[in-house]
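Here is my note on this model, as numbered points. Please read it with the structure open.

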Amino acid sequence: MSSTPAYKRLPRAVREQQMLDAAVKVFSRRGFHAASMDEIADDAGISKPMVYAYLGTKEELFVACLHREGTRMTEAIAGAAAPDLPADVRLWRGLRAFFGFVGAHRDGWAVLYRQARGSQPFAGELATMRARLVEVVAGMLGHALRAEGREVGETELEVVAYALVGASESLADWLADHPEADPEKTATRMMNAAWLGAGRLLHGATWHPPQV
């Protein structure tokens with residue numbers, strides 16, 4: 001009688017998602033260096049050779065986790081609002097989608113913005129995804145403002161988008177550590193903190209330091 005564990009045959013795409021789900025959980029708990037492929041395989045309920053065969057080395061598996069979670073987050077934000085809505089409503093819906101993602105995928109957030117940030121070569125992968133997110137936010141703002149008959153320079157849009165993304169990331173870290181917090185209420189807080197300034201800036205108001 002064979003002692004080799006039997007694994008249920010599943011379509012490759014389903015099996016890969018199963019592996020990624022397990023890897024995200026383990027990486028979020030352990031970090032990249034402390035995580036083991038044995039633990040990931042055990043969590044996924046499969047053999048370690050199968051993990052290597054499907055998704056490669058531990059480094060390749062971590063990058064695959066980054067790409068999946070980053071794509072999920074970006075698609076959630078980009079698809080959150082119709083393009084004909086006012087700029088503030090589009091931003092609000094984007095923020096709601098963003099904080100909703102963090103609230104529903106805390107392990108994914110930990111892998112994206114905690115484990116990857118300080119580890120090479122993953123920091124470069126994160127920077128690329130972050131730049132794509134800034135591009136999405138700047139595009140949403142620019143489209144909505146043009147619909148209102150306003151033209152704002154690309155640099156101004158990019159600066160505001162970077163500021164909004166950076167502030168939202170910091171608040172998302174807070175949300176990830178407070179499971180009792182409501183993601184939608186967190187999005188409202190972010191909107192109140194950021195839009196009152198960003199909205200005026202994008203509509204032409206600027207602050208200048210006093211002459212001393």
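1. Start with a charge over a ring. R12 lies over the face of Y54, at 4.4 Å from the ring centre. The term requires NZ of Lys or CZ of Arg within 6 Å of the ring centre and within 35 degrees of the ring normal. The charged end of K58 is likewise placed over F32, 4.7 Å from the centre of the ring.

2. A word on the basis. The model is predicted: local features need pLDDT of at least 70, side-chain atom pairs count only at pLDDT 80 or more, and totals for chains, interfaces and linings use all residues. Residues are numbered from 1 along each chain as its sequence is written, and side-chain values use heavy atoms, with hydrogens and water left out.

3. Now the rings. Searching the whole structure gives eight aromatic pairs. Rings of Phe, Tyr and Trp (its six-membered ring) pair if their centres lie within 6.5 Å; planes under 30 degrees apart are stacked, over 60 edge-to-face, the rest tilted. F32 and F62 have ring centres 5.4 Å apart and planes at 75 degrees, so this pair is edge-to-face. The pair links distant parts of the chain, 30 residues apart: F32 belongs to helix α1 (residues 12-34) and F62 to helix α4 (residues 58-78). Helices here are DSSP runs (H or I, at least four residues), numbered from the N terminus.

4. Buried means under 20% relative accessible area (1.4 Å probe, protein chains only).

5. F62 has a further partner. With F122 it forms a tilted pair, 4.4 Å centre to centre and 45 degrees between the planes. This pair also links distant parts of the chain: F62 in α4 and F122 in helix α7 (residues 122-147) are 60 residues apart. F122 is buried, at 1% relative accessibility. Ring pairs join F27, F32, F62 and F122 into a cluster.

6. Last, a helix contact. Helix α2 (residues 37-44) packs on helix α3 (residues 48-55) at about 95 degrees, with the axes 8 Å apart. Axes are lines fitted to C-alpha atoms over the stretch in contact, and angles run from 0 to 180 degrees between N-to-C directions. The two helices are therefore roughly perpendicular, a term covering 65 to 115 degrees. M37, D38 and A41 of α2 meet K48, V51 and Y52 of α3; contact means heavy atoms within 4.5 Å.

Terms used. Buried means under 20% relative accessible area, exposed over 50%, partly exposed in between (1.4 Å probe, protein chains only). Angles under 35 degrees count as roughly parallel, over 145 as roughly antiparallel, 65 to 115 as roughly perpendicular and the rest as oblique.
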